[in-house]
Amino acid sequence: MRTTLYTLTLLAAVVPSTHAAERVDVGNRISENLPEIPAELIDSLNQYQNTRGAGFAGWTGEGCILISTRFAETAQAHRVCQPMGMREQLTFYKEPVAGITASPAKAWRQGFVFSKDKGGDEFSQLYWFDNTTRTTILLTDGKRSQNNGTVISDDGSLMAYRSTSRNGKDTDVWLRDTRSGDARALVTSGGSWNAMDFSLDGKRLLVSQYLAADDSRPGEVDIASGELTLFPIDGGKAAFDGFEYARNGKGMYFISDERSEFQHLRHYDPVTGITIVISKNIPWDVTAFAQSPDGSRLAYITNEDGISTVRLVDTASLKPIALPKLPIGVSGGLQFSPDGQRLAMSINTATSPSDVYVIDIGKSELIRWTASEVGGLDTTTFTAPTLVRFKSFDGQSIPAFYYRPNGLKPGEKVPVLINIHGGPEAQAFPTFSPQIQYLLKHLRVAVLVPNVRGSSGYGKTYLSLDNGYLRKNSVRDIGALLDWISRQPEMDKDRVGVYGGSYGGYMVLASMVDYDKRIRAGIDVVGISNFTTFLKNTESYRRDLRRAEYGDERDPLMRNFHEKIAPLNNAHRITKPLFVAQGFNDPRVPYTEAEQIVKAVRENGGDVWYLMFKDEGHGFAKKPNSDYFGAAQILFWQKYLIGK
């Protein structure tokens, strides 16, 4: 979900209405029933919408770093060559740049690969940026296919990536000879495949087939013959991630939950057949790992109740190597420098946007490389959440991050916003949100961000608790959270709003159906309104993957269940104000999901705001669009949540 809150660009006003579906088309924006946004709200939001972060994207051969950050409307690739140094912008596109992959230090040419789609349609193409010529060339077919997940061999002569170009349905692994430009499909076994890592000699490629959040198939391909060998899975079924050959030439590293509740970091030696579970004493998921170029050191990140812990070990002894204290937050993008002496990563905290930090391993020193803007705001006034837990209907403990407005007076009761993440196989983290900080300070709204059952990060049993016919149990978790809210002395149980995107949008609609009398208003962003129509209309390369989570609508019993729980078929039970926001080019949750729920709620006399951007997909990536939506949602909360 890419919706964020940045600077507001004032677009033409739209005409307000009550329940009539009066549609106003202004430029790239279609809206219905949205009132004009007051100038004072625009001014109030300006600083919050001018925050931005920097994400680490890789080391360059000369020891600089590549970062992704936004200085205009969208995130682009930049280069930084020293701590707190100048950010040199390298790409300049209207569409955001993603999937930045730097060429290895020993590659025959230096540069990076990146992906870019059109208007959020996710039919991303791959491009090469050449450091010497400063030119960009298209690498893939440029047609209606999705191409991403780039892996480059050590010498830079081969590039592997995933693509739907063969038939539009299956995601194959493709191989490109970077010298000749020749490309061919390497793995065409059907389903969704990922390229993971080249062997040191470039003759083999690790791959993985993704079937579901708890089911992957790891394998190895002989590049010359194309022969695919699948690896046995201990226990028959497991989730896999981060598959790499050991840089010292001895076996391979991978992340898996084989015969375990959590995804552990493991090392497999094919000579002895022995697998060592490196993180076995840590009861949390490993989310990423990185090897030093010579294979002597191994770094990895664990996700511990939503907070990242970074560890470093010597690969020969697996003994820990001391690291400096890191900011408490969420880390990612872990990678060693070409000389192996430094370790870079992005760190995002609840009170600061993402920035790049580098650890000097020899000195055990943490060095900040970027300091992103926060709109001139005083970050000491920002609020970090506390972790709370509440019991659901069946006794299951549900975690949530609670953002409490500062300076509550005795007896003061404040409105509450429940922010529900998408996925559903995802996790809400205590990361920086200018929108939440604005709600806390200016509207004095408490914010709860739950990880309802079905969320990742809490073990594979918890992950599966909402699958198929268990779907509504996650909605019942929201009911239990409403019960918890009613017991908190500082929370006003009569002023509760719900917000969510993608699957979180479905949760908003379902919660408004089931708990209409207890919810004041809701905002659904690119949300599912009927699983049957969603599965029919989502892009074909995603359909089977989503059936694994939601159930197969071709089964009459499951289809009947989907129809029974669909918010669309229960729209008469949504009587409170609803705001639906959508991207026209969304390939995941098509805009028809939004339009049908808007129509159904309106036909029952419901008050609905509707907003759609023609140049966006599954979320709002362009700054003017994100800004307008950010201001509109604040206006919606002011009108429907804040007032007594």
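Student: What makes arginine 453 and aspartate 477 a salt bridge?

Tutor: This is a predicted model, and in it the closest N and O atoms of arginine 453 and aspartate 477 are 2.9 Å apart. The cut-off is 4 Å between a side-chain nitrogen of Lys or Arg and a carboxyl oxygen of Asp or Glu, so the pair qualifies.

Student: Which parts of the chain does that pair tie together?

Tutor: Arginine 453 lies in the loop between strand S33 (446-450) and helix H3 (460-463), while aspartate 477 belongs to helix H4 (residues 471-486), so parts that are 24 residues apart in sequence get tied together. Both arginine 453 and aspartate 477 are buried, too.

Student: How many salt bridges turn up in the whole structure?

Tutor: A search of the whole structure finds 40. One of them joins the side chains of glutamate 62 and arginine 79, at 2.9 Å from N to O. Glutamate 62 sits in the loop between strand S3 (54-59) and strand S4 (65-70) and arginine 79 in strand S5 (residues 75-80), so this pair bridges parts 17 residues apart in sequence.

Student: Why is glutamate 62 called partly exposed, and why is arginine 79 called buried?

Tutor: Glutamate 62 has 45% relative accessibility, which falls between the 20% and 50% limits, so it counts as partly exposed. Arginine 79 comes in at 17%, under the 20% limit, so it counts as buried.

Student: What about lysine 623 and aspartate 627: how far apart are they in helix H10?

Tutor: They are four residues apart in helix H10 (residues 623-642), which means about one helical turn separates them. Lysine 623 has a relative accessible area of 9% and aspartate 627 one of 0%. Under 20% means buried, so lysine 623 is buried and so is aspartate 627.

Student: Which residues do salt bridges with shared partners join into one network?

Tutor: Asp544, Arg547, Asp552, Glu553 and Arg554.

Student: On to the rings. Why is the pair of phenylalanine 231 and phenylalanine 243 given the name it has?

Tutor: The ring centres are 5.8 Å apart, within the 6.5 Å limit, so the two rings count as a pair. Their planes stand at 90°, and anything over 60 degrees is edge-to-face, so that is the name. Phenylalanine 231 is in the loop between strand S18 (228-230) and strand S19 (240-245), with phenylalanine 243 in strand S19, 12 residues apart.

Student: How do you know how phenylalanine 636 and tryptophan 637 are arranged?

Tutor: The centre-to-centre distance is 5.4 Å and the angle between the planes is 70°. That angle is over 60 degrees, so the pair is edge-to-face. Phenylalanine 636 is buried at 0% relative accessibility, and tryptophan 637 is buried at 1%. Both are in a cluster linked by ring pairs, along with Phe579, Trp609, Phe613, Phe620, Phe629 and Tyr640. The structure holds 32 aromatic pairs.

Student: Which ring does the charged end of arginine 476 sit over?

Tutor: The ring of phenylalanine 393, 3.6 Å from its centre. The charged end of lysine 116 sits over the ring of tyrosine 93, at 4.7 Å from the centre.

Student: What makes cysteine 64 and cysteine 81 a disulfide?

Tutor: Their sulfur atoms are 2.1 Å apart, within the 2.5 Å cut-off, so they count as one. The structure holds one disulfide. Cysteine 64 is in the loop between S3 and S4, and cysteine 81 in the loop between S5 and strand S6 (88-89), 17 residues apart.

Student: Is that disulfide right-handed or left-handed?

Tutor: Right-handed, because the torsion about the S-S bond is about 100°. Cysteine 64 is buried at 5% relative accessible area, whereas cysteine 81, at 42%, is partly exposed.

Student: Last one: where does threonine 315 lie?

Tutor: Threonine 315 lies in the loop between strand S25 (307-314) and strand S26 (330-336). A polar atom of its side chain is 2.7 Å from the backbone oxygen of glycine 295. Threonine 315 has 17% relative accessibility, under the 20% limit, so it counts as buried.

Methods. Residues numbered from 1 in each chain as written. Predicted model: local features only at pLDDT ≥ 70, side-chain atom pairs only at ≥ 80, totals over all residues. Heavy atoms only, no water. Helix = DSSP H or I, 4+ residues; strand = E, 2+ residues; numbered from the N terminus. Buried < 20%, exposed > 50% of the residue type's maximum accessible area, 1.4 Å probe, protein only. Phe/Tyr/Trp six-rings, centres within 6.5 Å; stacked < 30°, edge-to-face > 60°. Lys NZ or Arg CZ within 6 Å of the ring centre and 35° of its normal. Polar contact = N/O pair within 3.5 Å; in protein donor to acceptor, adjacent residues only side chain to side chain.
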